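Here is a friendly walk through one protein model, from a sheet to the cores and on to the confidence values. Please keep the structure open beside the text as you read.

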Amino acid sequence: MRIHPLAVAAIAVLTILPSYDNNGFALAEEKKKKKKKDIKKGTPDEPAYRIENYQENVPPPDDLQKVMDEQAAAKKEAEEAELDALLDEMGLNDDEQDDSENTAAARKQKAEYARREKWKADKRDENMAKAAEAEEGEGQLLGSFKPDDGDGSFGFGGGVVEEDEEDPDAPVEDYREPIAENYSSSYVPLEEAESYQFEAEVNRMLDIVINSLYQNKDVFLRELISNASDALDKIRYLSLTDPSKMQEKSEMEIKVQYDRDEQTLTITDTGIGMTKQDLVANLGTVAKSGTSNFLKAMAEGSDAMNMIGQFGVGFYSVFLVADHVKVASKNPDDPVQHIWSASNGGSEFTVGEDPRGNTLGRGTEITIFLKGDALKYIDPFKLEKLVTHYSEFIVYPISVRTTATLKVKSAKSEDDADEDDEVSLDDESTEESTDEEDLEADEDEELEDVISHSWKRVNNNPAIWMRDKDEITDDEYQGFFRVVAKDPDDSKTATSWSHFKAEGNINFRSILYLPDEVPDQNKRLHMTDDEREAFGLKLYVRKVLISDHFHNLLPDYLSFIKGVVDSDDLPLNVNRETLQESKIIKVIRKKLTRKTLEMIRNLSKKEWPVVDEDGEEVEDDLTEHPYITWYKKFGVALKTGVLEDAPNQKRLLKLLRFKTTVGGDEWRSLEDIMDSFKDWQDEFYFIAGEKEDELRKSVFLQKFNKKGLEVIITSEPIDEYLFNNLSDFEGKRFKNISKEGVKFKDEDADTVKRRTKAYRKKFQPLTKFLKETYGDSVSRVGISERLEDYPAIVSTTDYAHSANMERIFRAQARQHGQDPSQFAAIKVLEINPRHPYVTKLLRLVEESDEDEVDQTVLDTAWLLHDAALLNSGFTIVDTEAYSERMMRVIGSSLNVDGSELEDELEVPIEEEAPPEEDAGEGAVNIEEMIDLSDEF
């Protein structure tokens, strides 16, 4: 007996799954016991002497503990040595720095900075290698994809991935749901019909299809409508050469109806239909896949259209909801209409002549007798929603029968009315009734409920992606966007769209949309089912919906993109819910991502304002470039993409826009900013903070404004993290001006070096005094080369957090119950050697005794620290000490010594004044109120 390859695959799957029969349980328990015996466990009497077998609940011997401690110490020492080597390579082990800087926090941040910089350097080399490789193999997929051709294998080129052979005697789990004790099937075999046995392998495969292959029972409707569409494709193709096949029935349509009383669901099509032999062959063999055989026939050059319309594995999804099924079919080449029937879980099916005769004319009618847990599909609203969801773009009309109850005049009332009419005709002398009598008669008429049926078409939306884009108007594109975006109010619009056809190893058509508003689901972490349907791209195969949440087709940062992807030859798995080949996904994903970024780039380069042929601007309602309006809402997503999508990082960087100190309210690209670079400038300068207005007034900008340097203003939390993790753009690195080490190369380097050295020597007493005064509040006090009007600022080291990042990390730490102090920045106080406050303070320090410094000098030094801290974006931690200093300064300014309070003010006793008789309009007379209360 020949076993079908797909059945072998099913057996292979079943054998690796756990078994729930007696033998399976015994085998599983035996394996567990054997595994437990192989593991040596320590006990107090016989401890586990091997480190790898050491059990935490049993203390190791002293000698073993010593070895373990030595190994841990050696490992830690090796890690520290490796870190020291890395810090030396980065120039971060400065022996001249104060010991206070070499704290655990400082070393930790140095390590993070060094490893990040090393990672960025390695990533640059890796990206360059990937870019070179991508350019060589752009758009090509090695080998040719070999779809599932029915032999159980698929792959690329000549290679074939064979199914793993499993033990055929292994126990097989019964996947079928347990049947209740009081359950009785309504299936009755057809009379005068031939019975056929399902092969043993086919019966086993049915169990998999019915109970484990599909994750969602709703897809049975998709599979049946897809088969009906294939059958209509075939009859349309055949009628081109043989019009006689359309004589019995000219309509080409699909109809879906339900019967609440019989608890049935019926899908009827006017496709090619099936003969008796077709019913036996196609519905008796699970692996009779029309799609795979069609592709195989195409490759062999045979008549491929003979394969269209044949039922495959998808038909058997009907048993997800069916107790039993009847399939009536009429083929133009067969004068007799036949009917096929089978029950859920049965081992045989029957095929015979339909006792009703030729009721179809041509086509197929599938009647599903629903199980008790599937009666929800009789609901007309759910049925219409499902049919629309999966098949709204199929070209053939799909109609759902709707039922309505109407109030009409009863038959008895009509008979009485006829008798009255006869009497009035026989007796001509009878007087006509008055209008009032007629009205009373109408009110007395009996009404009865009459059920009315009508057909409602549910797929009115055209699949415009199949048309030539030159034939589609902007209004049609916008209308289709509202369909894809599930907009019930028809109020949403798209900012831009891209309609293209990809050709190569995988051919597909697609329309991608840029929404003009951020989708609601992108604003929230939790989505409802309806919102999830409108999320991401929709994947179609021949206009049949396969999935409406294929997130793998685009990276996460582009999840706001709406659109459709349709292909005729996607290699789906047997349940058509997931793509089989990861390489195929990568090819489609790469193409869609590139097209999306190209669409965004075209929007950014769109001409605005629009100029007509005469060179005059066309008036519109826009106050800024359309791309800037869109970017304000979606810019964060693009910045996320820069961090996540290394192959497209350069493309994404060109799409970013920033405000700068030179551009005012203008949004400028990195390319525009680079065009304004000074001849000596080799870095992008940026400053990050919470509010744009405060950043424009920052003390750090003084020198840059004076030199006319353009500085990027960033106020979003992701911005600084973005720049910190970027290696460069067009060879230009990014420099945070709130950190130390900012250098201007427009001056002679030797002159700057000698001047800095002289300032350090001159202000050495002051810097030493300030460092001793401030203690751990700052890591170092240095001389600033960039200050103009301010006496001092507080910057951070290159490897440490800035004031802005400290603020962000502290907020996150508090939110998650962590200690915010671990994210404290390593601060450096920079003093302005030319400022009079600083020079005056230097003289006071030089004149003071080293052992005893005047309190006024100390308070002045701390005020300098506090002012610099606040101006640099930091907060004052010790607010109590700050308040005490301020009180002393206020007292000194007012020449007030001490804080003793004066005596309380003595107030003379005064007699109570009598109430005024006339207090003016609206006043209340107290005496009248007292009299009124006495009356009550």
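In this predicted model, an open sheet of 5 strands has the order β18-β17-β20-β19-β21, with mixed pairing. Strands here are DSSP runs of E with at least two residues, and helices are runs of H or I with at least four, each numbered from the N terminus. Two strands count as paired if DSSP finds at least two bridges between them. At the edges lie β18 (667–668) and β21 (733–736), each pairing on one side only. Helix α21 (residues 717–724) packs on the sheet and touches β17, β19 (683–688), β20 (711–714) and β21; contact means heavy atoms within 4.5 Å. The direction of α21 makes about 150° with that of β19, where axes are lines fitted to C-alpha atoms (for helices over the stretch in contact) and angles run from 0 to 180 degrees between N-to-C directions.

| Strand pair | Bridges | Facing residues |
|---|---|---|
| β17 (residues 658–660) and β18 | 2 bridges | Lys 659 and Trp 667 |
| β14 (residues 537–541) and β15 (residues 544–547) | 3 bridges | Leu 539 and Ser 547 |

β14 and β15 form a hairpin with 2 residues between them, and Arg 542 in the turn has a positive phi of about 55°.

Now to the interior. A nonpolar core is a set of buried Ala, Val, Leu, Ile, Met, Phe, Trp, Tyr and Cys residues joined through side-chain atoms within 4.5 Å; buried means under 20% relative accessible area (1.4 Å probe, protein chains only). The largest such core has 66 residues, of which Leu 221, Phe 315, Val 327, Trp 340, Ile 368 and Phe 480 touch the most other members. Helix α6 (residues 219–241) supplies the largest share of this core, 10 residues. A second, separate core of 49 residues includes Leu 539 and Phe 677.

α6 is mostly covered, with 19 of its 23 residues buried. At 1.5 Å a residue its 23 residues should span 33 Å, and the 35 Å between its end C-alpha atoms agrees with this; the expected span is 1.5 Å times one less than the number of residues.

How confident is the predictor? The chain averages a pLDDT (confidence in each residue, from 0 to 100) of 76, and 69% of the residues score at least 70. Over residues 138–183 the pLDDT is below 50, and this stretch has 79 contacts beyond near neighbours in sequence. Where pLDDT is low, the predicted coordinates should not be read in detail.

Residues are numbered from 1 along each chain as its sequence is written, and side-chain values use heavy atoms, leaving out hydrogens and water. Local features need pLDDT of at least 70 and side-chain atom pairs count only at pLDDT 80 or more, while totals for chains, interfaces and linings use all residues.

Key
Buried < 20%, exposed > 50% of the residue type's maximum accessible area, 1.4 Å probe, protein only. pLDDT = per-residue confidence, 0-100.
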